[in-house]
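User: I would like to work through this structure with you, one question at a time.

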Amino acid sequence: MNTNNSFMKQWFDGVEDFLESSGEVARKDFLSCCAKRCSDSYPLALYKEAFSDGRSLPEALKYLANNFDGFDYAVFSDRVELSYSQCGCDLYKEGLITSVNLCQCSEASLLYIWEQIYGKGAVAVTTKKTIIGGNDSCLFEIRILK
C-alpha cells in the first residue's frame, strides 16, 4: 500500500481518530471485527496447522516460532507468553495508524485464534507490552481456562 496516497492517509486518519476518541465498548466491537478478518487472512490457518496432528502445546508453539518472524514464547504452569520482536500489523508498519489502541486488535486477534483452537470462552488474552506503546517488543499473555 502506498502511504503517500492522500485518500488512504486521510481515511486511516479517521480510523485513528475513532480509536483515540471512541469509548471502550465501541472500540472493542470495531477491533474485534477487524481482528477476525485479519486472523482469517493468514495467522489462523498457521495456528491450526501448528496444533494439528496431535501436537502438544510446546510442539505447536515451536512450530509457530519456526514460521513467524520475530515470534518467541515461554510456557509457564498457568499461562503462555507470546513475544514479538517486531510489530506484525501492516497498518502500523505502513504508517497508517500509530494509536496504541490499535494493539487491542492484536489482543482480539489472539483471542479469536486461541478460541478456535481451545473453544469459545476457554482462553483469556492480556496485552502486557507493545512496540507501539514504546516497548522493544510486544508481549501477550494467554491463559487456558479449562
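Analyst: Buried means under 20% relative accessible area and exposed over 50%, with partly exposed in between (1.4 Å probe, protein chains only). Helices (H or I, at least four residues) and strands (E, at least two) are DSSP runs, numbered from the N terminus. This is a predicted model, in which local features need pLDDT of at least 70, side-chain atom pairs count only at pLDDT 80 or more, and totals for chains, interfaces and linings use all residues. Residues are numbered from 1 along each chain as its sequence is written, and side-chain values use heavy atoms, leaving out hydrogens and water.

User: Which residues of helix α4 are buried?

Analyst: Helix α4 spans residues 57–67, and its buried residues are L57, A60, L61 and L64.

User: Is R27 buried or exposed?

Analyst: R27 is found in helix α2, residues 24–41. A polar atom of its side chain lies 3.0 Å from the backbone oxygen of L19, and the side chain of R27 also reaches the backbone oxygen of S22 at 3.1 Å. Because its relative accessibility is 8%, R27 counts as buried.

Terms used: A polar contact is a pair of N or O atoms within 3.5 Å; within protein, one must be able to donate a hydrogen and the other to accept it, and residues adjacent in sequence count only if both atoms are side-chain atoms.
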